[in-house]
Amino acid sequence: MSPRRRRPLKKPAPFHVDERWAISYMDMITVLFCLFVVLFAMSTVDQNKFDKLRNSLATGFGTTVTQKIDTATGTVVPPDQVNKDAQGFTNLDLAIKEVDRLTALEKQMNDRLTTEGLAQDVQFQIDQRGLTVKLVGSETFFQPDSSELTQRAHQVLDAVTPVMVPTNLEVSIEGHAANAITAYPSVWELSAERATKVLRYMVEQDGLPGPRVGATGYGSSRPVNADKTEAEHEQNRRVDIVVLSDQPETVRALIPEALKARVSQK
């Protein structure tokens, strides 16, 4: 038996020293690609999202958030006070921001009313629900024992409604009546019809989007006083226009506390 022949080994591929540059070239291309990706991301940064990210990172690492790099002062948010859905802000922080937003809306409305000489006809209130614009006094806004709007009412609505339109907030129009004799079947019908007339004017004449607004009649069930004298009756003949806050209930519950904080800072 003849001995088994071994197969000849393949010669290794020749190594060319002059091809080493390709490795360095690929590394350089990779680094340049990463550099341009970072530069592009920095050039299109959303400042609002960047601030939220900064607050979240500060909270997670227990770092002080500052407006300037060379300062050591700022606001530290303890982890146990952070609302996970608030991206680094506490509920009280968000309530204060909401109060600032509602206060700005009130100022815009009041400035427009003052310009038209109508500021004395409207009262404002900020609470857990949002911003309430109170149209108080039936003789100012409606004919006696009627739901027909007066010319004064048209002027007031023309002043305040344009401020509400761009906010995208929902609006509740709530009619109230005094516990007194009326030609209507009941004060419920009178209050509901007045609220509806205000709604229709705001939507049809001043451009408030219909899907964002609703009307309710409360009759005399929510008086602001004892509702016994004629002067008290007049205060209860009112329509409230409520610009509803869109914040979560946990944030809205802190709006009274946020209002006190704002007052103490003044």
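Select Met109 and then everything around it: leaving aside its neighbours within four places in sequence, Met109 is in contact with Phe124, Leu131, Val133, Val160, Val163, Met164 and Val243, where contact means heavy atoms within 4.5 Å. The model is a predicted one, in which local features need a pLDDT of at least 70 and side-chain atom pairs count only at pLDDT 80 or more, while totals for chains, interfaces and linings use all residues. Residues are numbered from 1 along each chain as its sequence is written, and side-chain values use heavy atoms, with hydrogens and water left out.

Met109 is found in helix H3; helices (H or I, at least four residues) and strands (E, at least two) are DSSP runs, numbered from the N terminus. Is Met109 buried or exposed? Met109 counts as buried because its relative accessible area is 0%, where buried means under 20% relative accessible area, exposed means over 50%, and partly exposed lies in between (1.4 Å probe, protein chains only).

Stay in helix H3, which covers residues 91-115, and select Lys107 and Asp111, which lie four residues apart, about one turn of the helix. Asp111 forms a salt bridge with Lys107, the closest N and O atoms being 2.9 Å apart; a salt bridge is a side-chain nitrogen of Lys or Arg within 4 Å of a carboxyl oxygen of Asp or Glu. Asp111 is partly exposed, at 36% relative accessibility, whereas Lys107 is exposed, with a relative accessible area of 53%.

Next, select helix H5, residues 151-164, whose 14 residues reach 21 Å from the first C-alpha to the last, close to the 20 Å expected at 1.5 Å a residue; the expected span is 1.5 Å times one less than the number of residues. Where does H5 bend? The bend, of about 25 degrees, is at Asp158, and a proline, Pro162, follows within four residues; the bend at a residue is the angle between axes fitted to the seven residues ending there and the seven starting there. Several residues of H5 are buried, among them Leu157, Val160, Val163 and Met164.

Now show strands E1 and E2, which pair in the antiparallel sense over six bridges; two strands pair if DSSP finds at least two bridges between them. E1 and E2 form a hairpin with two residues between them, and Phe124 stands opposite Val133 in E2.

Among the salt bridges, the one to select next joins Glu174 and Arg129, with the closest N and O atoms 2.5 Å apart. Glu174 lies in strand E3 (residues 171-176) and Arg129 in the loop between strand E1 (122-127) and strand E2 (130-136), so the pair ties together parts that are 45 residues apart in sequence. Glu174 is buried, with a relative accessible area of 3%, while Arg129 is partly exposed at 36%.

Finally, colour the chain by pLDDT, the predictor's confidence in each residue, from 0 to 100. The mean pLDDT of the protein chain is 82, and 73% of its residues reach 70 or more. Over residues 64-77, however, the pLDDT is below 50, and this stretch has 21 contacts in the model beyond near neighbours in sequence. Where pLDDT is low, the predicted coordinates should not be read in detail.
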